[in-house]
Amino acid sequence: MELRQLRYFVAVAEELHFRRAAERLFISTPTLSQQIRSVEREVGGPLLIRGNHGVELTAAGEVLLKTARNVLEAADIALRETRAATQPSTEAFRLGIVNGAPAWLPGRIEALLKARRPGVRVVLTTGTSSEQARFLDREEVDLAVVRLPVRLSDHLTHTPVADEELGIVMSRRNPLAAAGFVEIGRIRDHELILFARDAAPEVHDAILAQLRERGATVVLSDSAMSHAQMLQLLPLRPEAIGLGSSRTASVPGLVWRPLRPRPLLVTYAAAWRAGTRNPLLHTMADAFSGGLRLSSE
């Protein structure tokens, strides 16, 4: 089994959809399907249950997903360290990006870095906000973009750098989809599907608090799932709603509507080690601490 095939499998397992995984990998869907079948033949059984609206992991698929992530992480570390040893003259800046951050955000930060040091090579590492905090603790990244609120060690500092509006994501058949926006009071009649609180307890609680501060009565679903799983389910559940950015409007069968009268925001922050000696990081930290805010424009 090749590393390339493991990356393909992980992409499908995380997206739970062949087309979206293929777009993420920049390959065709038939090629991706062929490679997954090859992996299944090699392991001797099915890893995915294919359906009309996506895929689910089998028990064997869950085992391979955990192992594959560990293998790919080890391979990435080996490659990164080897490149550093063979290219000592190339300055690298290790940037951590929280999963699900808008695509323009790492690009804006990289542009700021290169404006200050044109020859810098930016190395990206993705993960949850909690994982990014651990990467900083272990000095595996220089700067991390996390989603607020998040619990950080005392020796880490952070400052907000960007906001993203969250709105209502729902099936096109949902009655709320008929209008151009959703009045906050109307969500009480719809089951709200969120990610599991254990995945990011601070963010989970902050989102619910924002909704309630705006006067919403929240009917929280007993079904907790990842963002990708929610997007799979909502087309089949016209009575349910989820939260997401306007980027979700491109998902077939779904629509996105802003909340009114007050928008719901999620805030991203740059975090770093307070005692860092990295001169490039110092210039970035000074810029962010001075109130610099990033946007998609």
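## Packing of α5 and α9

In this predicted model, helices α5 and α9 pack with their axes 10 Å apart, at an angle of about 120°. That angle makes α5 oblique to α9. The crossing of α5 past α9 is right-handed.

Four residues of α5 make the contact: Ile109, Leu112, Leu113 and Arg116. From α9 come Leu280, Thr283, Met284, Ala287 and Phe288. By class, the α5 contact with α9 counts 7 nonpolar residues, 1 polar and 1 charged.

## The nonpolar cores

The largest nonpolar core holds 46 residues. Ile109, Leu143, Leu211 and Phe288 touch the most other members. Elements giving two or more residues to this core include the helices α5 (104–116), α7 (201–213) and α9 (279–289). The strands on that list are β3 (92–98), β5 (143–147), β6 (156–171), β10 (240–244) and β13 (264–273). A second, separate core has 22 residues, among them Leu6, Phe9, Leu16 and Val39.

What does Leu143 touch, leaving aside its neighbours within four places in sequence? Its contacts include Phe93, Arg94, Leu95 and Gly96. Ala270, Ala271 and Trp272 are also in contact with Leu143.

## Packing of α1 and α2

The axes of α1 and α2 come within 8 Å. They cross at roughly 130°, so α1 is oblique to α2. α1 passes α2 in a right-handed crossing.

On the α1 side, the contact uses Arg7, Tyr8, Ala11, Val12, Glu14 and Glu15. On the α2 side, it uses Phe18, Arg20, Ala21, Arg24 and Leu25. The class count for α1 with α2 is 6 nonpolar, no polar and 5 charged residues.

Helix α2 spans residues 18–25. Which of its residues are buried? They are Phe18, Arg20, Ala21 and Ala22. Of these, Phe18, Arg20 and Ala21 take part in the contact with α1.

The buried residues of α2 pack against three helices, α1 (3–15), α3 (29–43) and α8 (227–233). They also pack against the strands β1 (48–51) and β2 (54–57). Just after α2, Phe26 has a positive phi of about 60°.

## Two buried loop residues

Thr58 sits in the loop between β2 and α4 (59–86). Is Thr58 buried or exposed? Its relative accessible area is 13%, so Thr58 counts as buried. Setting aside residues up to four places away in sequence, Thr58 touches Pro46, Leu47, Leu48 and Ile49.

Met225 is in the loop between β9 (219–220) and α8. Met225 counts as buried because its relative accessibility is 14%, under the 20% cut-off. Ile193 is 32 residues from Met225 along the chain, yet their C-alpha atoms are separated by 7.6 Å.

Conventions: Residues numbered from 1 in each chain as written. Predicted model: local features only at pLDDT ≥ 70, side-chain atom pairs only at ≥ 80, totals over all residues. Heavy atoms only, no water. Core = buried A, V, L, I, M, F, W, Y, C linked by side-chain atoms within 4.5 Å. Buried < 20%, exposed > 50% of the residue type's maximum accessible area, 1.4 Å probe, protein only. Contact = heavy atoms within 4.5 Å. Axes fitted to C-alpha atoms, helices over the stretch in contact; angles between N-to-C directions. Parallel < 35°, antiparallel > 145°, perpendicular 65-115°, else oblique. Left-handed = near helix turned anticlockwise from the far one by under 90°. Nonpolar A, V, L, I, M, F, W, Y, C, P; charged D, E, K, R; others polar.
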